[in-house]
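Subject: Structure handover and notes

Dear colleague,

I am passing this structure on to you, together with some notes on what was found in it. Please look through the model first and then read the notes beside it.

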Amino acid sequence: MRNAYLRTIKRMGSRKINIIDLFTGMLGESKNISIKKKSKTVKSNGLKTIKKFEVKKLEILDINGNCNKKLMPKLSKEEIKKLYEFMILSRVFDEKALNLQRQGRLGVYASMRGQEASIIGSAYALKKDDWIFPCFRENGALILRGYPMHQLFMYWGGDERGMQVPNNVNSFPISIAVGTQTLHAVGAAYANQYMNKKVANIVYFGDGGTSEGDFHEAMNLAGTFKLPVVFFCQNNQYAISVPRSMQTASETIAQKAIAYGFNGIQVDGNDVFAVYKAAKEALDNARNGKGPTLIESYTYRLGDHTTSDDAKKYRNEKELNEWLKKDPIARLEKYMRKNKISNAVYEKKVLENSSRQVDLAVKEYESTPLQNPEEIFNYMYSELTPELKEQQEEMLKNLKEENES
Ligand SMILES: Cc1ncc(C[n+]2csc(CCOP(=O)(O)OP(=O)(O)O)c2C)c(N)n1
Ligand SMILES: [Mg+2]
């Protein structure tokens, strides 16, 4: 299917030249427009270049754990350890969630595997008063912000009380509806600006989210009003089974910011130092009245889209193996060992500590009494609509009958 698609694109590519030939011939402007068939470039004489744009990519840590010292952000050894520990905690949480789901102890779950640097590097750059607008793939960012893990398990287990965000965590609820959270973030950023609060907002979304109208409206508003918001796109190369190449004709997602009048940058999303540095600069700019930034975190989803998916049906093993070599955790581990920040004993301790924390969270999740079914009617309207009232009565009647039988 993919090959057929690529063949069609190739055919269209060679036809393009003929269409341009036809077009210039029709206009009789062959003197003004020259077409080099071989290089396929179109040169227009007499036009002024009024603006040129560049798209930059930030890379600091390579797959062998070597870093570009000139670009390295200021991070103490303790801070680097914190980044590592949250990345491991995210992976352990992830593995537990996937296992629970397979055992029927959790609902659908969206894995972060492979995106830990992208998620943790960006969230680590936040200040306590900043706000985060997550989609469904940023459990690690929420954990880093202090979101109780047992509540995340509750949420993924189908208990909406899991998304009752604690007062000490500045986060909006997880947004399953793709792209909608970009508008929430921009609204909040507008409020922050209006109230002169020195607070930044970060909104997460995927490559697929950039095809939503909401994303473009949010970008436009943020650019126009110079709002304190960071658009953080986790480009993990797929939106369920749709590859990034079929999502947009733009060569990068970062360049989309240009059209809206602000900075866009691509970062190696598997390089925690690059992600942290880009996010920190963007968040500082937002807090200091310098407006929004779009960060394209170029990464890869190593797992399935969710537990309801089987990525083997649309991705080949070769591609997966190439990305496995870029694993963000292995890369950071190599750097830390080389720089004597870690050793095998420390790594073992981090893993054990993470497992302990996650196991405790599972215990708390599973020992929480189930929600009363009646509550599903309680939180949307202060007064129920007649239809909902009827449904509520019917449900209560059924429950009563069930209990009596
Ligand atoms: C508005 C809306 N349309 C469709 C869906 C179904 N859906 C859930 S996830 C997803 C793909 C999202 O891809 P991307 O934005 O790249 O994020 P990723 O899952 O790769 O992290 C779709 C289409 C949805 N949840 N919301
Ligand atoms: Mg995606």
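With 8 C-beta neighbours inside 10 Å, K340 counts as exposed, where a residue is buried if 20 or more other C-beta atoms, placed from the backbone, lie within 10 Å of its own, exposed if 12 or fewer, and partly exposed in between. K340 lies in the loop between α11 (328-338) and α12, and K340 has a positive phi of about 55° although it is not a glycine.

Before going further, please note that this is a predicted model, in which local features need pLDDT of at least 70 and side-chain atom pairs count only at pLDDT 80 or more, while totals for chains, interfaces and linings use all residues. Residues are numbered from 1 along each chain as its sequence is written, and chains are lettered from A and ligands numbered from 1 in the order in which they are written.

As for the protein chain in general, there are 13 helices and 10 strands in it, these being DSSP runs numbered from the N terminus (H or I and at least four residues for helices, E and at least two for strands). Of its 405 residues, 37% count as buried. Among the contacts with a separation of 6 or more, 74% are accounted for by residues 24 or more positions apart, a contact being a pair of residues whose C-beta atoms, placed from the backbone, lie within 7 Å.

I240 also has a positive phi, near 50°, in a residue other than glycine. This residue is found in the loop between β7 and β8 (242-243), and I240 counts as partly exposed because it has 14 C-beta neighbours inside 10 Å.

Around ligand 1 there are 16 residues, of which V178, G206, G208, G209 and A239 come nearest; a residue is taken as near if its C-beta atom, placed from the backbone, lies within 6 Å of the molecule. The elements that give two or more residues to this shell are β5 (201-206) and β7 (238-239). By class, the shell has seven nonpolar, six polar and three charged residues, with Ala, Val, Leu, Ile, Met, Phe, Trp, Tyr, Cys and Pro counted as nonpolar, Asp, Glu, Lys and Arg as charged, and the others, Gly among them, as polar.

Turning to the helices, α5 (residues 149-156) is mostly covered, since eight of its eight residues are buried. The cover over these buried residues includes α2 (77-102), α4 (139-144) and α12 (344-367). Just after α5, G158 takes a positive phi of about 95°.

Helix α2 also holds R102, which is exposed, with 11 other C-beta atoms within 10 Å. The C-alpha atoms of R102 and T307 are separated by 8.3 Å, although the two residues are 205 residues apart along the chain.

Finally, helix α6 (residues 180-194) and helix α7 (residues 213-225) pack at an angle of about 20°, with their axes 7 Å apart; axes are lines fitted to C-alpha atoms, for helices over the stretch in contact, and angles run from 0 to 180 degrees between N-to-C directions. The two helices are therefore roughly parallel to each other, a term for angles under 35 degrees. The contact is made by T180, T182, L183, A185, V186, A189 and Y190 of α6 and D214, F215, E217, A218, L221, A222 and F225 of α7. By class, this contact has 10 nonpolar, two polar and two charged residues.

With best wishes

Definitions and conventions: Contact = placed C-beta atoms within 7 Å. Parallel < 35°, antiparallel > 145°, perpendicular 65-115°, else oblique.
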